[in-house]
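Thanks for coming. I have one chain to go through this morning, so please look at the sequence and the model first.

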Amino acid sequence: MASLPLKDLVLTSAKEFLAFINKSPSPFHAVDEVKKALINKGFKELKESEHWSIAPLSKYFVTKNQSTIIAFAVGGRYKPGNGFSIVGAHTDSPCLKVKPVSKKVKQGFCQVGVECYGGGIWNTWFDRDLTVAGRVLVKDSSSDKIHHQLVHIHRPILRIPHLAIHLQREMNDSFGPNKETHLCPILSTCVAKQLEGEGDKEKGEGQASKHPPQLVEIICQELQISPDQMLDFELCLADTQPAAIGGASNEFLFSPRLDNLMNAYTAYKGLLASIEDGSLDDDPNVRMISLFDNEEVGSSSAQGAASTFQETVMRRISNNPSHPLAFEESIGKSYMISADQAHAFHPNYSEKHESNHQPAFHKGIVIKFNANQRYATTGITATILRLVADKVDVPIQDFVVRNDSPCGSTIGPIMSAKLGVQTIDIGAAQLSMHSIREMGCTTDVLHCVKLYQGFFHYYPQIQASMAF
(Lines give C-alpha, C1' and ligand atoms only; values in the text may rest on other atoms or scores of the structure.)
Protein backbone atom coordinates (compact mmCIF):
# COMPACT_ATOMS: atom_id res chain seq x y z
CA MET A 1 0.00 0.00 0.00
CA ALA A 2 2.89 2.40 0.80
CA SER A 3 3.87 2.53 -2.91
CA LEU A 4 0.52 4.02 -3.95
CA PRO A 5 0.23 7.75 -4.76
CA LEU A 6 -0.86 9.73 -1.69
CA LYS A 7 -4.38 10.37 -2.97
CA ASP A 8 -4.92 6.67 -3.66
CA LEU A 9 -3.34 5.73 -0.33
CA VAL A 10 -5.72 8.06 1.53
CA LEU A 11 -8.76 6.63 -0.25
CA THR A 12 -7.64 3.02 0.19
CA SER A 13 -7.03 3.55 3.93
CA ALA A 14 -10.43 5.22 4.32
CA LYS A 15 -12.25 2.40 2.51
CA GLU A 16 -10.54 -0.23 4.66
CA PHE A 17 -11.58 1.67 7.78
CA LEU A 18 -15.20 1.91 6.65
CA ALA A 19 -15.21 -1.84 5.97
CA PHE A 20 -14.20 -2.26 9.63
CA ILE A 21 -17.02 0.08 10.72
CA ASN A 22 -19.58 -1.88 8.72
CA LYS A 23 -18.46 -5.11 10.42
CA SER A 24 -18.58 -3.51 13.89
CA PRO A 25 -22.17 -2.58 14.79
CA SER A 26 -21.46 -3.25 18.50
CA PRO A 27 -18.43 -3.17 20.83
CA PHE A 28 -18.42 -6.99 20.77
CA HIS A 29 -18.06 -6.99 17.00
CA ALA A 30 -15.36 -4.30 17.08
CA VAL A 31 -13.28 -6.30 19.55
CA ASP A 32 -13.78 -9.46 17.51
CA GLU A 33 -12.54 -7.70 14.37
CA VAL A 34 -9.46 -6.45 16.21
CA LYS A 35 -8.83 -9.94 17.64
CA LYS A 36 -8.96 -11.54 14.20
CA ALA A 37 -6.51 -8.99 12.80
CA LEU A 38 -4.09 -9.50 15.72
CA ILE A 39 -4.22 -13.29 15.52
CA ASN A 40 -3.53 -13.04 11.80
CA LYS A 41 -0.33 -11.16 12.67
CA GLY A 42 0.88 -13.68 15.24
CA PHE A 43 -0.52 -12.27 18.48
CA LYS A 44 -1.22 -14.82 21.22
CA GLU A 45 -4.36 -14.59 23.35
CA LEU A 46 -3.89 -14.49 27.12
CA LYS A 47 -6.55 -15.26 29.73
CA GLU A 48 -6.89 -13.24 32.91
CA SER A 49 -7.35 -16.45 34.92
CA GLU A 50 -4.21 -18.16 33.63
CA HIS A 51 -0.47 -17.76 34.24
CA TRP A 52 1.38 -15.37 31.95
CA SER A 53 4.94 -15.78 30.76
CA ILE A 54 5.96 -12.61 28.91
CA ALA A 55 9.04 -12.54 26.69
CA PRO A 56 10.72 -9.80 24.62
CA LEU A 57 9.66 -9.61 20.96
CA SER A 58 6.44 -11.48 21.76
CA LYS A 59 2.93 -10.21 20.99
CA TYR A 60 -0.16 -10.77 23.13
CA PHE A 61 -3.72 -9.62 23.76
CA VAL A 62 -6.28 -10.08 26.52
CA THR A 63 -10.00 -9.26 26.53
CA LYS A 64 -12.53 -8.31 29.19
CA ASN A 65 -16.24 -8.97 28.72
CA GLN A 66 -15.45 -9.51 25.01
CA SER A 67 -16.02 -5.75 24.62
CA THR A 68 -12.63 -4.46 25.83
CA ILE A 69 -9.24 -5.52 24.51
CA ILE A 70 -5.65 -4.72 25.50
CA ALA A 71 -2.96 -5.78 23.03
CA PHE A 72 0.78 -5.35 23.44
CA ALA A 73 4.10 -6.11 21.78
CA VAL A 74 7.21 -6.40 23.94
CA GLY A 75 10.29 -4.57 22.72
CA GLY A 76 13.45 -6.51 22.00
CA ARG A 77 15.38 -4.54 24.65
CA TYR A 78 12.59 -4.58 27.23
CA LYS A 79 13.34 -5.43 30.83
CA PRO A 80 11.12 -5.04 33.91
CA GLY A 81 10.96 -1.41 34.99
CA ASN A 82 11.04 -0.04 31.45
CA GLY A 83 8.21 2.09 30.14
CA PHE A 84 4.92 1.52 28.35
CA SER A 85 3.97 3.32 25.13
CA ILE A 86 0.17 3.28 25.17
CA VAL A 87 -2.61 4.36 22.81
CA GLY A 88 -6.01 4.24 24.52
CA ALA A 89 -9.40 4.51 22.83
CA HIS A 90 -12.92 3.13 23.28
CA THR A 91 -15.13 0.66 21.46
CA ASP A 92 -18.59 1.93 22.43
CA SER A 93 -20.78 4.63 20.90
CA PRO A 94 -24.12 6.17 21.92
CA CYS A 95 -26.95 3.91 20.86
CA LEU A 96 -30.26 2.38 21.82
CA LYS A 97 -30.06 -0.94 23.69
CA VAL A 98 -32.75 -3.59 24.01
CA LYS A 99 -34.21 -3.65 27.52
CA PRO A 100 -34.01 -6.84 29.66
CA VAL A 101 -37.77 -7.20 29.17
CA SER A 102 -38.55 -5.56 25.85
CA LYS A 103 -41.90 -7.00 24.79
CA LYS A 104 -44.41 -4.23 24.04
CA VAL A 105 -47.75 -4.24 22.19
CA LYS A 106 -49.75 -1.11 21.43
CA GLN A 107 -52.65 -0.56 19.05
CA GLY A 108 -51.75 -3.55 16.89
CA PHE A 109 -48.03 -2.80 16.74
CA CYS A 110 -45.38 -5.11 18.21
CA GLN A 111 -42.60 -2.93 19.61
CA VAL A 112 -39.22 -3.40 21.29
CA GLY A 113 -38.45 -1.55 24.50
CA VAL A 114 -35.07 0.16 24.44
CA GLU A 115 -32.77 2.09 26.77
CA CYS A 116 -30.74 5.14 25.80
CA TYR A 117 -27.02 4.39 26.10
CA GLY A 118 -24.81 7.46 26.37
CA GLY A 119 -25.51 10.99 25.16
CA GLY A 120 -26.89 10.38 21.70
CA ILE A 121 -28.63 12.89 19.44
CA TRP A 122 -31.78 10.83 19.70
CA ASN A 123 -33.87 12.63 17.10
CA THR A 124 -31.42 11.34 14.45
CA TRP A 125 -32.64 7.81 15.18
CA PHE A 126 -36.10 8.59 13.81
CA ASP A 127 -37.03 7.37 10.32
CA ARG A 128 -33.91 5.22 9.97
CA ASP A 129 -33.89 1.60 8.82
CA LEU A 130 -32.70 -0.13 11.99
CA THR A 131 -31.53 -3.57 12.98
CA VAL A 132 -30.03 -5.26 16.04
CA ALA A 133 -26.51 -6.49 16.77
CA GLY A 134 -24.60 -7.71 19.79
CA ARG A 135 -23.95 -10.96 21.57
CA VAL A 136 -26.00 -13.96 22.63
CA LEU A 137 -25.18 -16.38 25.44
CA VAL A 138 -25.87 -19.82 24.00
CA LYS A 139 -26.01 -23.17 25.75
CA ASP A 140 -24.52 -25.98 23.70
CA SER A 141 -27.18 -28.64 23.17
CA SER A 142 -24.74 -31.54 23.50
CA SER A 143 -22.15 -30.48 26.09
CA ASP A 144 -24.08 -27.93 28.20
CA LYS A 145 -21.18 -25.50 27.74
CA ILE A 146 -22.09 -21.83 27.42
CA HIS A 147 -20.77 -19.88 24.46
CA HIS A 148 -20.65 -16.21 23.51
CA GLN A 149 -21.92 -15.77 19.95
CA LEU A 150 -22.08 -12.59 17.92
CA VAL A 151 -25.22 -11.70 16.04
CA HIS A 152 -25.86 -9.04 13.41
CA ILE A 153 -29.13 -9.05 11.49
CA HIS A 154 -28.25 -7.66 8.07
CA ARG A 155 -31.66 -6.31 7.15
CA PRO A 156 -33.92 -3.57 8.50
CA ILE A 157 -36.36 -4.97 11.05
CA LEU A 158 -37.05 -1.91 13.22
CA ARG A 159 -38.07 1.70 12.72
CA ILE A 160 -38.92 4.69 14.92
CA PRO A 161 -41.32 6.73 12.77
CA HIS A 162 -41.75 10.46 13.19
CA LEU A 163 -45.15 11.86 14.00
CA ALA A 164 -46.51 13.71 10.97
CA ILE A 165 -45.89 17.45 11.00
CA HIS A 166 -49.66 17.97 10.73
CA LEU A 167 -49.96 16.61 14.28
CA GLN A 168 -47.05 18.61 15.75
CA ARG A 169 -46.73 21.89 13.91
CA GLU A 170 -43.93 23.04 16.21
CA MET A 171 -41.57 20.22 15.16
CA ASN A 172 -39.32 22.41 13.01
CA ASP A 173 -39.03 24.95 15.82
CA SER A 174 -38.23 22.51 18.60
CA PHE A 175 -38.15 18.73 18.71
CA GLY A 176 -37.19 16.95 21.90
CA PRO A 177 -38.56 13.40 21.96
CA ASN A 178 -39.56 11.80 25.23
CA LYS A 179 -36.94 9.10 25.58
CA GLU A 180 -39.29 6.61 27.23
CA THR A 181 -42.41 6.96 25.11
CA HIS A 182 -41.27 8.32 21.73
CA LEU A 183 -38.12 6.22 21.17
CA CYS A 184 -39.82 2.83 21.10
CA PRO A 185 -39.13 1.16 17.72
CA ILE A 186 -41.77 -0.80 15.82
CA LEU A 187 -40.91 -4.41 14.93
CA SER A 188 -44.12 -5.53 13.21
CA THR A 189 -47.88 -5.42 13.17
CA CYS A 190 -49.55 -8.01 15.33
CA VAL A 191 -51.92 -10.49 13.74
CA ALA A 192 -54.71 -11.85 15.90
CA LYS A 193 -52.83 -14.99 16.96
CA GLN A 194 -49.77 -12.94 18.04
CA LEU A 195 -51.94 -10.47 19.91
CA GLU A 196 -53.37 -13.28 22.01
CA GLY A 197 -49.87 -14.39 22.98
CA GLU A 198 -48.72 -10.85 23.70
CA GLY A 199 -51.68 -10.23 25.95
CA ASP A 200 -50.35 -12.64 28.58
CA LYS A 201 -46.74 -12.12 29.56
CA GLU A 202 -46.65 -15.54 31.21
CA LYS A 203 -47.07 -17.23 27.85
CA GLY A 204 -43.93 -18.33 26.06
CA GLU A 205 -40.74 -19.75 27.52
CA GLY A 206 -37.22 -18.46 28.04
CA GLN A 207 -36.37 -15.24 26.23
CA ALA A 208 -39.65 -15.41 24.28
CA SER A 209 -41.48 -14.64 27.52
CA LYS A 210 -39.56 -11.37 27.89
CA HIS A 211 -38.98 -10.26 24.29
CA PRO A 212 -41.11 -10.21 21.15
CA PRO A 213 -41.23 -13.82 19.91
CA GLN A 214 -40.54 -12.65 16.37
CA LEU A 215 -37.31 -10.98 17.50
CA VAL A 216 -36.22 -14.12 19.31
CA GLU A 217 -37.07 -16.19 16.25
CA ILE A 218 -35.05 -13.94 13.93
CA ILE A 219 -31.99 -14.20 16.18
CA CYS A 220 -32.30 -17.96 16.56
CA GLN A 221 -32.60 -18.41 12.81
CA GLU A 222 -29.51 -16.24 12.28
CA LEU A 223 -27.46 -18.28 14.76
CA GLN A 224 -29.08 -21.61 13.84
CA ILE A 225 -30.00 -22.40 17.43
CA SER A 226 -33.25 -23.31 19.15
CA PRO A 227 -34.96 -20.83 21.49
CA ASP A 228 -34.24 -23.00 24.54
CA GLN A 229 -30.49 -22.64 23.86
CA MET A 230 -30.68 -18.86 24.16
CA LEU A 231 -29.84 -17.96 27.76
CA ASP A 232 -29.58 -14.17 27.39
CA PHE A 233 -28.42 -11.48 25.02
CA GLU A 234 -27.07 -7.93 24.91
CA LEU A 235 -28.27 -6.16 21.80
CA CYS A 236 -27.92 -2.64 20.50
CA LEU A 237 -29.78 -1.05 17.64
CA ALA A 238 -27.82 -0.02 14.57
CA ASP A 239 -28.52 1.71 11.27
CA THR A 240 -28.50 -0.68 8.32
CA GLN A 241 -27.20 1.99 5.91
CA PRO A 242 -23.51 1.22 5.42
CA ALA A 243 -20.74 3.73 6.02
CA ALA A 244 -19.62 5.40 2.81
CA ILE A 245 -17.10 7.75 1.22
CA GLY A 246 -18.85 11.02 0.32
CA GLY A 247 -18.35 14.56 -0.91
CA ALA A 248 -17.72 15.97 -4.37
CA SER A 249 -14.04 14.96 -4.18
CA ASN A 250 -14.52 11.75 -2.17
CA GLU A 251 -13.12 13.59 0.83
CA PHE A 252 -15.66 12.81 3.56
CA LEU A 253 -16.57 9.85 5.75
CA PHE A 254 -20.33 9.46 6.19
CA SER A 255 -20.60 6.83 8.86
CA PRO A 256 -21.99 5.67 12.19
CA ARG A 257 -19.69 5.25 15.20
CA LEU A 258 -16.76 7.40 14.02
CA ASP A 259 -16.66 8.31 17.70
CA ASN A 260 -14.72 6.30 18.54
CA LEU A 261 -14.08 3.41 16.18
CA MET A 262 -11.85 5.77 14.19
CA ASN A 263 -9.25 5.59 16.95
CA ALA A 264 -9.90 1.97 17.95
CA TYR A 265 -9.17 0.97 14.36
CA THR A 266 -6.19 3.24 13.72
CA ALA A 267 -4.66 2.34 17.10
CA TYR A 268 -4.40 -1.33 16.21
CA LYS A 269 -3.33 -0.54 12.64
CA GLY A 270 -0.62 1.75 13.99
CA LEU A 271 0.58 -0.94 16.39
CA LEU A 272 0.78 -3.52 13.62
CA ALA A 273 2.57 -1.07 11.30
CA SER A 274 5.12 -0.32 14.04
CA ILE A 275 5.91 -4.02 14.31
CA GLU A 276 6.14 -4.54 10.57
CA ASP A 277 8.62 -1.66 10.16
CA GLY A 278 11.19 -3.60 12.22
CA SER A 279 11.58 -1.01 14.99
CA LEU A 280 10.32 -3.34 17.73
CA ASP A 281 13.70 -5.14 17.85
CA ASP A 282 15.47 -2.17 19.45
CA ASP A 283 12.57 -0.88 21.55
CA PRO A 284 13.10 -0.84 25.34
CA ASN A 285 9.36 -0.33 25.93
CA VAL A 286 6.15 -2.32 25.75
CA ARG A 287 3.92 -1.07 22.92
CA MET A 288 0.28 -1.25 23.98
CA ILE A 289 -3.21 -0.41 22.76
CA SER A 290 -6.11 -0.33 25.23
CA LEU A 291 -9.59 -0.27 23.71
CA PHE A 292 -12.22 0.10 26.43
CA ASP A 293 -15.96 -0.31 26.57
CA ASN A 294 -18.36 2.01 28.45
CA GLU A 295 -16.54 5.32 27.89
CA GLU A 296 -19.79 6.92 26.75
CA VAL A 297 -21.38 6.27 30.15
CA GLY A 298 -18.47 7.21 32.41
CA SER A 299 -16.10 4.20 32.18
CA SER A 300 -17.15 2.87 35.62
CA SER A 301 -17.40 -0.84 34.86
CA ALA A 302 -15.16 -3.90 35.05
CA GLN A 303 -14.37 -3.42 31.35
CA GLY A 304 -14.16 0.39 31.52
CA ALA A 305 -11.13 2.66 31.76
CA ALA A 306 -11.97 3.45 35.40
CA SER A 307 -11.46 -0.20 36.37
CA THR A 308 -8.21 -1.84 37.47
CA PHE A 309 -7.92 -3.78 34.20
CA GLN A 310 -5.22 -1.60 32.63
CA GLU A 311 -3.15 -1.46 35.82
CA THR A 312 -3.46 -5.20 36.37
CA VAL A 313 -2.23 -5.97 32.85
CA MET A 314 0.72 -3.59 33.24
CA ARG A 315 1.62 -5.07 36.62
CA ARG A 316 1.54 -8.60 35.25
CA ILE A 317 3.83 -7.62 32.38
CA SER A 318 6.22 -5.88 34.79
CA ASN A 319 6.12 -8.69 37.36
CA ASN A 320 9.58 -9.93 38.28
CA PRO A 321 10.44 -11.54 41.67
CA SER A 322 13.92 -10.03 41.64
CA HIS A 323 12.58 -6.55 40.81
CA PRO A 324 9.55 -5.98 43.05
CA LEU A 325 9.13 -2.27 42.20
CA ALA A 326 9.39 -2.71 38.43
CA PHE A 327 5.83 -1.50 37.79
CA GLU A 328 6.26 1.61 39.92
CA GLU A 329 9.52 2.45 38.14
CA SER A 330 7.87 2.03 34.74
CA ILE A 331 5.29 4.77 35.35
CA GLY A 332 7.74 7.65 35.04
CA LYS A 333 8.99 6.29 31.71
CA SER A 334 5.53 5.69 30.24
CA TYR A 335 3.21 7.81 28.11
CA MET A 336 -0.38 7.39 27.03
CA ILE A 337 -2.21 8.84 24.07
CA SER A 338 -5.91 9.12 24.90
CA ALA A 339 -7.36 9.03 21.39
CA ASP A 340 -10.96 10.18 21.02
CA GLN A 341 -12.71 12.24 18.37
CA ALA A 342 -12.58 16.05 18.36
CA HIS A 343 -15.03 18.77 17.33
CA ALA A 344 -14.42 20.15 13.85
CA PHE A 345 -15.35 23.75 13.07
CA HIS A 346 -18.99 23.85 11.93
CA PRO A 347 -19.58 26.49 9.20
CA ASN A 348 -23.24 26.92 10.20
CA TYR A 349 -22.49 27.43 13.91
CA SER A 350 -19.29 29.46 13.94
CA GLU A 351 -20.32 31.17 17.18
CA LYS A 352 -19.91 27.85 19.02
CA HIS A 353 -16.14 27.75 18.43
CA GLU A 354 -13.36 29.63 20.21
CA SER A 355 -11.95 32.09 17.68
CA ASN A 356 -8.33 30.86 17.82
CA HIS A 357 -9.14 27.15 18.04
CA GLN A 358 -11.18 25.96 15.07
CA PRO A 359 -10.09 22.47 13.98
CA ALA A 360 -10.62 21.90 10.27
CA PHE A 361 -10.90 18.85 8.04
CA HIS A 362 -7.66 17.77 6.33
CA LYS A 363 -5.56 20.00 8.61
CA GLY A 364 -4.34 17.21 10.88
CA ILE A 365 -4.90 15.59 14.25
CA VAL A 366 -6.25 17.71 17.10
CA ILE A 367 -4.56 18.13 20.49
CA LYS A 368 -7.24 18.85 23.09
CA PHE A 369 -6.54 21.19 26.02
CA ASN A 370 -8.64 22.07 29.06
CA ALA A 371 -7.47 24.06 32.08
CA ASN A 372 -10.02 22.28 34.28
CA GLN A 373 -8.53 18.88 33.41
CA ARG A 374 -11.41 17.55 31.36
CA TYR A 375 -8.55 16.65 29.02
CA ALA A 376 -5.22 15.37 30.37
CA THR A 377 -2.88 17.27 28.02
CA THR A 378 0.05 19.17 29.53
CA GLY A 379 2.82 21.23 27.97
CA ILE A 380 5.18 18.27 28.31
CA THR A 381 2.86 15.71 26.75
CA ALA A 382 1.97 18.10 23.92
CA THR A 383 5.65 18.72 23.20
CA ILE A 384 6.37 15.00 23.00
CA LEU A 385 3.52 14.44 20.57
CA ARG A 386 4.51 17.38 18.38
CA LEU A 387 8.02 15.94 18.11
CA VAL A 388 6.56 12.58 17.03
CA ALA A 389 4.26 14.30 14.52
CA ASP A 390 7.18 16.21 13.02
CA LYS A 391 9.12 13.00 12.47
CA VAL A 392 6.25 11.33 10.60
CA ASP A 393 4.98 14.45 8.81
CA VAL A 394 1.50 14.51 10.37
CA PRO A 395 -0.02 18.00 10.82
CA ILE A 396 -1.31 18.99 14.26
CA GLN A 397 -4.10 21.36 15.36
CA ASP A 398 -5.00 22.72 18.82
CA PHE A 399 -8.43 22.86 20.45
CA VAL A 400 -9.98 24.36 23.55
CA VAL A 401 -13.67 24.78 24.19
CA ARG A 402 -15.14 28.25 24.72
CA ASN A 403 -15.32 29.44 28.34
CA ASP A 404 -19.10 29.74 28.05
CA SER A 405 -19.54 26.20 26.74
CA PRO A 406 -19.47 22.85 28.56
CA CYS A 407 -16.59 20.52 27.82
CA GLY A 408 -16.79 16.78 27.25
CA SER A 409 -14.17 14.41 28.58
CA THR A 410 -12.39 11.16 27.70
CA ILE A 411 -10.59 8.21 29.24
CA GLY A 412 -7.48 10.42 29.47
CA PRO A 413 -8.13 12.15 32.81
CA ILE A 414 -9.50 8.92 34.30
CA MET A 415 -6.51 6.77 33.43
CA SER A 416 -3.84 9.39 34.05
CA ALA A 417 -5.25 9.99 37.54
CA LYS A 418 -5.43 6.27 38.32
CA LEU A 419 -1.99 5.37 36.96
CA GLY A 420 -0.02 8.60 37.25
CA VAL A 421 1.10 8.18 33.62
CA GLN A 422 1.81 11.30 31.55
CA THR A 423 -1.08 11.57 29.11
CA ILE A 424 -2.28 13.58 26.14
CA ASP A 425 -5.79 13.86 24.69
CA ILE A 426 -6.02 13.96 20.92
CA GLY A 427 -8.42 12.98 18.15
CA ALA A 428 -9.48 13.44 14.56
CA ALA A 429 -11.88 16.31 13.84
CA GLN A 430 -15.45 15.38 12.98
CA LEU A 431 -18.96 16.80 12.67
CA SER A 432 -22.30 15.37 13.83
CA MET A 433 -20.71 13.83 16.93
CA HIS A 434 -23.10 11.40 18.67
CA SER A 435 -25.54 11.42 15.75
CA ILE A 436 -26.60 8.10 14.24
CA ARG A 437 -24.65 9.25 11.15
CA GLU A 438 -21.43 11.17 11.75
CA MET A 439 -19.09 12.97 9.36
CA GLY A 440 -15.30 12.96 9.16
CA CYS A 441 -12.61 13.37 6.51
CA THR A 442 -10.73 10.67 4.63
CA THR A 443 -7.22 12.00 5.27
CA ASP A 444 -7.46 11.49 9.03
CA VAL A 445 -7.46 7.71 8.80
CA LEU A 446 -3.97 7.73 7.33
CA HIS A 447 -2.90 10.60 9.62
CA CYS A 448 -3.90 8.61 12.71
CA VAL A 449 -2.20 5.40 11.61
CA LYS A 450 1.03 7.25 10.78
CA LEU A 451 0.96 9.16 14.07
CA TYR A 452 0.41 6.07 16.22
CA GLN A 453 3.01 4.09 14.30
CA GLY A 454 5.46 6.95 14.75
CA PHE A 455 4.64 7.24 18.44
CA PHE A 456 5.46 3.58 19.07
CA HIS A 457 8.66 3.95 17.06
CA TYR A 458 10.03 7.26 18.36
CA TYR A 459 8.61 7.79 21.88
CA PRO A 460 11.42 6.05 23.84
CA GLN A 461 14.16 8.15 22.23
CA ILE A 462 12.16 11.37 22.65
CA GLN A 463 11.51 10.53 26.31
CA ALA A 464 15.24 9.90 26.79
CA SER A 465 15.97 13.39 25.44
CA MET A 466 13.91 15.08 28.17
CA ALA A 467 16.50 16.64 30.49
CA PHE A 468 14.31 16.79 33.60
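I will start with the surface. The accessible surface of the chain is about 20,900 Å², and carbon and sulfur atoms hold 50% of that; areas are by the Shrake-Rupley method with a 1.4 Å probe, and for residues only the protein chains shown count as cover.

Before going on, the ground rules. This is a predicted model, in which local features need pLDDT of at least 70 and side-chain atom pairs count only at pLDDT 80 or more, while totals for chains, interfaces and linings use all residues. Residues are numbered from 1 along each chain as its sequence is written, and side-chain values use heavy atoms, with hydrogens and water left out.

Now the overall fold. The chain has ten helices and 20 strands, taken as DSSP runs numbered from the N terminus, with H or I of at least four residues for helices and E of at least two for strands. Its radius of gyration is 23 Å, close to the 23 Å from the globule rule for 468 residues, so the chain is as compact as a globular protein of that length. That radius is over C-alpha atoms, and the rule is 2.2 Å times the number of residues to the power 0.38. Along the principal axes, the C-alpha atoms fill a box of roughly 75 × 60 × 45 Å.

Of the 468 residues, 53% count as buried, meaning under 20% relative accessible area, with over 50% as exposed and partly exposed in between (1.4 Å probe, protein chains only). Among contacts (heavy atoms within 4.5 Å) between residues at least 6 apart in sequence, 77% join residues at least 24 apart.

Next, the rings. The whole structure has 13 aromatic pairs; rings of Phe, Tyr and Trp (its six-membered ring) pair if their centres lie within 6.5 Å, and planes under 30 degrees apart are stacked, over 60 edge-to-face, the rest tilted. One of them, Y265 with Y268, is edge-to-face, at 5.5 Å centre to centre and 85 degrees between the planes. Both tyrosines sit in helix α5 (residues 258–276), three residues apart, about one turn of the helix. Y265 is buried at 4% relative accessibility, and Y268 is buried at 7%. Ring pairs join F17, F20, Y265 and Y268 into a cluster.

Last, a proline. P413 lies in helix α9 (residues 411–419) and is buried, at 17% relative accessible area. Which residues does P413 contact, leaving aside neighbours within four places in sequence? They are Q373, R374, Y375, A376 and D425.
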